[in-house]
Amino acid sequence: MATRVNPNIGRISGYFLLNLVTGIFWFVLLVTLGAVSIGTAVIWVGIPLGVLTMVLARGAATAERAWLRAALGVDIPQPYRPLPATVTGRAKAMAKDPATWRDFAYWLIMLPLGALEFSLTVALWSAVLGTVFLPFYLHWLPATWEVTFPGGTVWLIDSFINALPVSVLGLLLGVVAYRLLKALGQGHAVLAQSLLGPSRYGVLEAKAEQLSASRARGVEAAEAERRRIERDLHDGAQQRLVAVAMGLGRARGKMESDPDAARELIAEAHADAKLAISELRDLARGIYPSVLGDRGLDAALSSLAARSPIPVEVEVDVEPRPPTAVESTAYFTVAETLTNIAKHSGATQARVKVSRTENSVVVEVTDNGRGGAEVRPGGGLAGLADRAATIDGVVVVVSPIGGPTVIRTELPCAW
Amino acid sequence: MRVVIAEDSVLLRVGVQRLLADEGIETVAAVDDGGALLAAIDEHRPDLALVDVRMPPTFTDEGLRAAIEARKRIPNLPVLVLSQYVEERYAVELLAGGANGIGYLLKERVADVSEFVAAVRRVAEGGTSIDHEVITQLMVRAKRNPVDSLTQREREVLGLMAQGLSNAAIAASLVVSDGAVEKHVGNIFAKLGLEPSTSEHRRVRAVLAYLNLG
């Protein structure tokens, strides 16, 4: 789960210098409070104290996450499970949440680790500074150094020139210090991510939760769709065909006695039959437009735009052709949005723009209506979001009062 | 007049055959897929091919592809394509080889027998008949602006004009006077910058030319 970061050395050093203070402070506070609360648990005082300890550990961890983001540039999401509303419920949930205990673990490690990081930072940088600038302050030092190499050569460090090699060695040490602290900083970031961030299990759990929610909504949406089709068939074409059959039946009865009335009935039945055909055509097309599979999104949107009661401008550029599920989700998103615009927005003009990025399709529908569109559970926009969510897509609605409204759907082409 | 019918639904194939027979139009072959259509056209050299878009084996657009192929083999062979849905994209592909003797109508237009038979005869004579729904779609997707400046009524008239209707037929269809239609037609030609014409065929061609087709 850890992502690599590349903070600069100054930030790492600054962070390490402060770690001694934060490490000692939180270690002492949490360990003391923790010990006291365990010790006093039998007389009940320990329980609120224990809760306080957990709250402090979590609060400190939250601050540390923000601080880590600023200092090391590592982004650590909150790992905590959602808390219930009641006080006792919250306390229990915190105690049961492994993230709380991983926060504790982080603060326990922070004392020795912070001390180590602090000492290394101070020692390395002082050594580097001391050696690099030795030639410049050598003059004011009371003593000189003698280095005797094996073989008997003696190196006397007593002048600016003689001390220059030390300076060079200091620069080399600087490189080592740079590398070491950088690696340590990255190591710390990894440790922080693994202890302060969501565990692999937690990440998978959250993903699973999200998937099962979106699947449930997808199933519900399909169910609602089936009900709508049944209702449309029942109220529309079916009734009309009954009327056609009835009209023809009556016409047959009147054929001999009243040919004029019969003719009129037949004309009515004819008109009803044509209406039924056109309703069935609309319905079938609404279930799946075959041109979408044949010729793609661009071709399929023409008839949607032509059927809209308000003028629609269409601009489509989706090469290379996206997967079928993305195409049909994009198509139905546009269809539903145009229907909503015609019904609710009071717009006189709409624009559909479909574009392709490397790994997604972006559908943007803009209208010049009155705005104020909201995503409400069970509403049309929530339905759009549910539809998009089934393929991991995201819907963004921007609709200030007074308009214009922009509904932007981004559908990933790989999910 | 001799026609070949390609339609996979038996009900419709036989129905259309009877309907045409009532009007004295002979069906020389009735087939149910694209390959058989091409063979029948080669064999019978009909005056018109009546083709359904969606046929076996893939049930997508084989009728359309067969029609285009047939017109490649026999240039200007009159073809009337019928479909459950009409799509401007299909119309564009169909008209790419020229608008002479091309018809593209919703299948349900068959229900208005006299108009349907008139369209069959017009296409067989080298005329054009395009469903007004196609024209509406084409106008939405047209990049040029003057189409936007047409009024709702003018769009309707334009759609009917593209079907190949005369002014009188348009007037009857919209339940307005002939004079009103004449005025609308005049305005449309003026707005689109086209030469006015009274010949139905030339009017269809003008509209298609304007929409970059035919």
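This is a predicted model: local features need pLDDT of at least 70, side-chain atom pairs count only at pLDDT 80 or more; totals for chains, interfaces and linings use all residues.
**Entry 1**

I started with residues 154-178 of chain A: the span is 76% helix and 16% strand, and its end C-alpha atoms lie 31 Å apart. Residues are numbered from 1 along each chain as its sequence is written, while chains are lettered from A and ligands numbered from 1 in the order in which they are written.

I then looked up UniProt, where an unreviewed entry lists "transmembrane region" for residues 12-35, 41-61, 104-134 and 154-178 of chain A. Such annotations may be inferred rather than shown by experiment; positions follow the numbering used here, and feature names are shortened. Residues 41-61 of chain A are 76% helix and 0% strand, with 24 Å between the end C-alpha atoms.

**Entry 1: where the chains touch**

Contact here means C-beta atoms, placed from the backbone, within 7 Å.

Next I checked how α6(B) meets helix α10 (residues 297-307) of chain A: their axes are 8 Å apart, at an angle of about 100°. Axes are lines fitted to C-alpha atoms, for helices over the stretch in contact, and angles run from 0 to 180 degrees between N-to-C directions. The two helices are therefore roughly perpendicular (65 to 115 degrees). Ser302(A), Ser303(A), Ala305(A) and Ala306(A) of α10(A) make the contact with Thr136(B), Gln137(B), Val140(B) and Arg141(B) of α6(B).

**Entry 2: the sheet in chain B**

I traced six strands of chain B in an open sheet, ordered β2-β1-β3-β4-β5-β6, with parallel pairing. Strands pair if DSSP finds at least two bridges between them. At the edges I find β2 (26-31) and β6 (128-130) of chain B, each pairing on one side only. The twist averages 20° from one strand to the next.

I also looked at β1 (residues 2-6) and β3 (residues 48-52) of chain B, which pair over four bridges. Ile5(B) stands opposite Leu50(B) in β3(B).

How values were computed:
Angles under 35 degrees count as roughly parallel, over 145 as roughly antiparallel, 65 to 115 as roughly perpendicular and the rest as oblique. Two residues are in contact if their C-beta atoms, placed from the backbone, lie within 7 Å.
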